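Trainee: Could you walk me through this structure? I'd like to go topic by topic.

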Amino acid sequence: MEPNKYYRLFAPCIPVKGFRRSVIADLNRHQLFYIPNKLYQILTRGKNRTWSDLMEKYGDDNLDTLTSYFDFLLQNELIFPFNKEELAHFPSLSLQWDFPSDCSNAILDIGHSSNCDVAKAIAKLDKISCYHLQIRLLCEVKQTYLEKLLELTNNTSIRTVQLMMDYCQNIDNHLDTLFEKYWKLVKVEMFGSPENRSTSLKGNLALVVYYADKVLKPENCGVVSTDYFCIEMKHFTESQRHNTCLNRKICIDAEGNIKNCPAMAKSYGNIKDTTLEEAINKPGFKDLWYICKDQIDVCKDCEFRYMCTDCRCFIKDPDNIYSQPAKCPYNPYICLWEGQEGYVPVEECGTYSRETGFVPDKKRIAELNKRIWGEE
């Protein structure tokens, strides 16, 4: 390290503080780097200090630790050195987010007894400039039907289409043809497949994911997993002020009912007699758009909060809209996932009440971390 140099994180490398540890989210390389909370403080509070200033502040006793921290950051190309006269040339990245319409993405369900006019639904999504469409096929369909379905998205505002369906060998055998013929199709997920695997097509522009141990059901959404983390600019910035699952989302179930989420009971009309603009502007439809991770019990203490999605349908306390997602198996107070050795559920790390929400028990958490990690 050069004594008179300043060291700062590259703009797309943003630190996020959790209860026990922090991460640096590299939004360009779509990677997470784990760091101790002490390094988070150094990076956020000392970004306008030279290396000499940092050594003076933290003292000779901490020199080896400080050096190892910055060696790690340099080796992973997370920070860069610069001179004092260059300070003004490296502003922080803006985390503002916006979208040019009231609908960025939609879910369309098609079932056995579907009363939904699919062509009408897609036409209405086009009218409100929807960009991304996920079609969930809750019944068996033929390839000819799939082709007609995908043709409906031609010449619309829809930019990408994702299909979710039960495994069908005949359709699986012809996926190459579907992807080549319909350029908007970017992802297919098949459930109940012979094995768990994924494959890329069209020069990595398209993806097929096979699940052997998962079932396609509307009520199966809301699962929290590292598999679903999204470490990129749009998601990260949107999560600062919005719910990344429901914001700008419209769902049309198999009966044509317009909802925030297909698994929710509340409907805001039916496409037979309600325009999507009318549904969006009904009282309550947008309320969930503005609930972000920093407001949610437990999530606000989690280092993954800006990379994770957030289900407001399946929550631990249905009467508290800020309750933790019911299907989250991660405990940020001890940094363990369910199934890992030493894991205990979040409920053992604090107390919950309707008035205060979840309040961490710092003494209990310290005891757990000492037992699990040997920390004092």
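Mentor: We'll go through rings, charges, the core and the cysteines in turn.

Trainee: Ground rules before we start?

Mentor: This is a predicted model, where local features need pLDDT of at least 70, side-chain atom pairs count only at pLDDT 80 or more, and totals for chains, interfaces and linings use all residues. Residues are numbered from 1 along each chain as its sequence is written, and side-chain values use heavy atoms, with hydrogens and water left out.

Trainee: Rings, then. How many aromatic pairs does a search of the whole structure find?

Mentor: It finds 21. Rings of Phe, Tyr and Trp (its six-membered ring) pair if their centres lie within 6.5 Å. Planes under 30 degrees apart count as stacked, over 60 as edge-to-face, and the rest as tilted.

Trainee: So what kind of pair do F10 and F80 make?

Mentor: A tilted one, because the planes sit at 40°. The ring centres are 4.9 Å apart.

Trainee: Where do F10 and F80 lie?

Mentor: F10 is in the loop between β1 (6-9) and β2 (13-17), and F80 is in strand β5 (residues 79-82). So the pair ties together parts that are 70 residues apart in sequence. Strands (E, at least two residues) and helices (H or I, at least four) are DSSP runs, numbered from the N terminus.

Trainee: Is F80 buried or exposed?

Mentor: F80 is buried, at 14% relative accessibility. F10 is partly exposed, with a relative accessible area of 36%. The cut-offs: buried is under 20% relative accessible area, exposed is over 50%, and partly exposed is in between (1.4 Å probe, protein chains only).

Trainee: What sits over the ring of Y58?

Mentor: The charged end of K57, 5.6 Å from the ring centre. R159 lies over the face of Y131, at 3.8 Å from the ring centre. A charge sits over a ring if NZ of Lys or CZ of Arg is within 6 Å of the ring centre and within 35 degrees of the ring normal.

Trainee: On to salt bridges. How many does the search find?

Mentor: It finds 16 in the whole structure. Each is a side-chain nitrogen of Lys or Arg within 4 Å of a carboxyl oxygen of Asp or Glu.

Trainee: How far apart are N and O for D26 and R29?

Mentor: 2.5 Å. D26 is buried at 2% relative accessibility, while R29 is partly exposed at 32%. D26 and R29 are also linked with E77 in a network of salt bridges.

Trainee: What does R248 pair with?

Mentor: R248 forms a salt bridge with D98, and the closest N and O atoms are 3.7 Å apart. R248 lies in the loop between α8 (233-238) and β12 (249-252), and D98 in the loop between β5 and β6 (105-110), so the pair ties together parts 150 residues apart in sequence. R248 is buried, at 9% relative accessibility. D98 is exposed, at 61%.

Trainee: And which residue meets K286?

Mentor: D102, in a salt bridge of 3.9 Å, N to O. K286 is in the loop between α9 (276-280) and β14 (330-331), D102 in the loop between β5 and β6, 184 residues apart. K286 is partly exposed at 24%, and D102 is partly exposed at 32%.

Trainee: Change of topic. How many residues are in the largest nonpolar core?

Mentor: It has 46. L146, I171, L175, L185, V188 and I250 touch the most other members. Helix α4 (residues 118-127) gives the most to this core, with four residues. A nonpolar core is a set of buried Ala, Val, Leu, Ile, Met, Phe, Trp, Tyr and Cys residues joined through side-chain atoms within 4.5 Å.

Trainee: What does L175 touch?

Mentor: V188, M190, V208 and Y210, not counting residues up to four places away in sequence. Contact means heavy atoms within 4.5 Å.

Trainee: Last one. How many disulfides are there?

Mentor: The search finds zero. A disulfide is a pair of cysteine sulfur atoms within 2.5 Å. For C103, the nearest cysteine sulfur is that of C130, 3.7 Å away. C103 is buried, with a relative accessible area of 0%.
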